[in-house]
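Q: I'm new to reading protein models. Could you walk me through a few features, one at a time?

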Amino acid sequence: MKSPVPDLAPSDGEEGEDRTPLLQRAPRAETAPVCCSARYNLAFLAFFGFFVLYSLRVNLSVALVDMVDSNTTAADNRTANECAEHPAPIKVLHNQTGKKYRWDAATQGWILGSFFYGYIVMQIPAGYAASRSGGKLLLGFGILGTAVFTLFTPLAADFGVGALVALRALEGLGEGVTFPAMHAMWSSWAPPLERSKLLSISYAGAQFGTVVSLPLSGIICFYMNWTYVFYLFGIVGIIWFILWIWLVSDTPETHKTISPYEKEYILSSLRNQLSSQKSVPWIPMLKSLALWAIVVAHFSYNWTFYTLLTLLPTYMTEVLKFNIQENGFLSAVPYLGCWLCMILSGQAADNLRAKWNFSTLCVRRVFSLIGMIGPAVFLVAAGFIGCDYSLAVAFLTISTTLGGFGSSGFSINHLDIAPSTLLENGKLFSALLLLSTYLVPFSSHCSPKVKYKTGLLGITVDTETEGTNK
């Protein structure tokens, strides 16, 4: 069978590579069909995997509002009388059969933040494991473990705060392997000119999971009780695991149903990025300005993102005075915008590179700029609007939506500057680059009293130049 990929001409040098989206003067690989393709099937399964992942992560943020005795919270809340209560448009009795706990604000902070203790611990082990055994089993069992632990959340709450904190930390261990594992898989599956699309589709599942789980958790709490929140999402996670193990492979070479044409397309498109280096270049990595730019960018973005993700339902209830049902819907609105923005920005980024000949460097910088400055401006503005409920929701929605541009900017830049290698060092490099971005913002997750903060824009580098240097 004739290869679908023409022979690549040699590059004209680093200068030429730095100014083109890919090797512009060389013939490009003919794209394999998208419909029913193995790579897009992987993207959609990953989408639902991250949907489950974030559903399991954020459901406690809504359920906790219903788990805590409101009298305990009101005693600690100094802003309780600043905003007026909302009149209930529909007279439906709120189900109160769920057990209530007298947890003050500090205790709630420990419960919400404990997840990240486990989450941060697994980043380095996950990077090594993904490089050695592939990401399929690591990602699958990570989400399965989180789903199983979620089923035991009501039981842990009955045992006490310590048991619940420990359980949430164990859930963090399970979720901590997911991003390094997924990046490792995409280093073998994502053709360069489809990279933004594929990764945006897969990681947009996180936003979609937030969009669905927040209002659904509020509805379950309102009409049933908070325990069913954990049972429902736990069962969904187990179902996803079965599909993942059945349908996914670590690499195109090991996939059972991939077409020969698509396999050759993926392997050929990645072949010119292979490196024969047999060891991880630790010193050059630590000296790389590109790597540290990604760290700074992720730190700045994640500080805001995870603070809002964890505490937005509490803000809606304690400050803006929305009930548990309204809380879930309004807390989800910002992430609906972010989800749509991630999908569209991924398409736009690849089109700019492939059809309009924008350099990878230019695309990553512009999208990072929009995804950092835009959210910062509207989030700061939200702090000055007082009890204007409509404006508060609007500003938070615009802020989170614009953050979706970052998925095609700094968030994907790990794969740009980490070439694949014959010994899968590229997988390890990608995972380690990702892990470095999650070490820094850990302090913002430990307490609900933390202040919102944004930071500097990370400057990215071009795929081709950095790959050549490595």
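Q: Let's begin with holes inside the protein. How many cavities of 30 Å³ or more does a search of the whole structure find?
A: Keep in mind that this is a predicted model. The search turns up six cavities of 30 Å³ or more. The largest cavity has a volume of about 270 Å³.

Q: Which residues lie nearest the centre of the largest cavity?
A: Those are Phe 179, Gln 207, Tyr 301, Met 342 and Ser 411, out of 22 lining residues. Now look at which elements give two or more residues to that lining: helices H10 (178-189), H11 (195-223), H15 (289-318), H16 (324-354) and H20 (425-439). H15 supplies the largest share, five residues.

Q: What classes of residue make up the lining of the largest cavity?
A: You'll find 12 nonpolar and 10 polar residues there, and no charged ones.

Q: On to cysteines. What is a disulfide, and how many does the structure hold?
A: A disulfide is a covalent bond that joins the sulfur atoms of two cysteines. This structure holds zero disulfides. Take Cys 338, which is in no disulfide: the nearest cysteine sulfur belongs to Cys 341 and is 6.6 Å away. A pair would need its sulfur atoms within 2.5 Å to count.

Q: Is Cys 338 buried or exposed?
A: Cys 338 has 0% relative accessibility, so it counts as buried. Cys 221 is buried too, because its relative accessibility is 0%.

Q: Now charges. Why can side chains pair up?
A: Side chains of opposite charge can pair when their charged atoms come close. A search of the whole structure finds eight salt bridges. In one of them, Glu 194 pairs with Arg 39, with the closest N and O atoms 2.7 Å apart. Glu 194 sits in the loop between H10 and H11 and Arg 39 in helix H2 (residues 38-67), so this pair links parts of the chain 155 residues apart.

Q: What other salt bridge does Arg 39 form with Glu 262, and how far apart are N and O?
A: The side chains of Glu 262 and Arg 39 meet at 3.0 Å, N to O. Glu 262 lies in helix H13 (residues 260-271), so the pair ties together parts 223 residues apart in sequence. Glu 262 is buried, at 4% relative accessibility, and Arg 39 is buried at 0%.

Definitions and conventions:
Residues are numbered from 1 along each chain as its sequence is written. This is a predicted model: local features need pLDDT of at least 70, side-chain atom pairs count only at pLDDT 80 or more; totals for chains, interfaces and linings use all residues. Side-chain values use heavy atoms; hydrogens and water are left out. On a 1 Å grid over the protein atoms alone, a cavity is a set of points where a 1.4 Å probe fits but cannot get out, and a pocket is an open set with protein on both sides within 12 Å along at least five of seven lines; lining residues have an atom within 4 Å of a point. Grid points are joined across faces, edges and corners, and a volume is the space filled by probe spheres set on the points. Helices (H or I, at least four residues) and strands (E, at least two) are DSSP runs, numbered from the N terminus. Ala, Val, Leu, Ile, Met, Phe, Trp, Tyr, Cys and Pro count as nonpolar, Asp, Glu, Lys and Arg as charged, and the others, Gly among them, as polar. Buried means under 20% relative accessible area, exposed over 50%, partly exposed in between (1.4 Å probe, protein chains only). A salt bridge is a side-chain nitrogen of Lys or Arg within 4 Å of a carboxyl oxygen of Asp or Glu.
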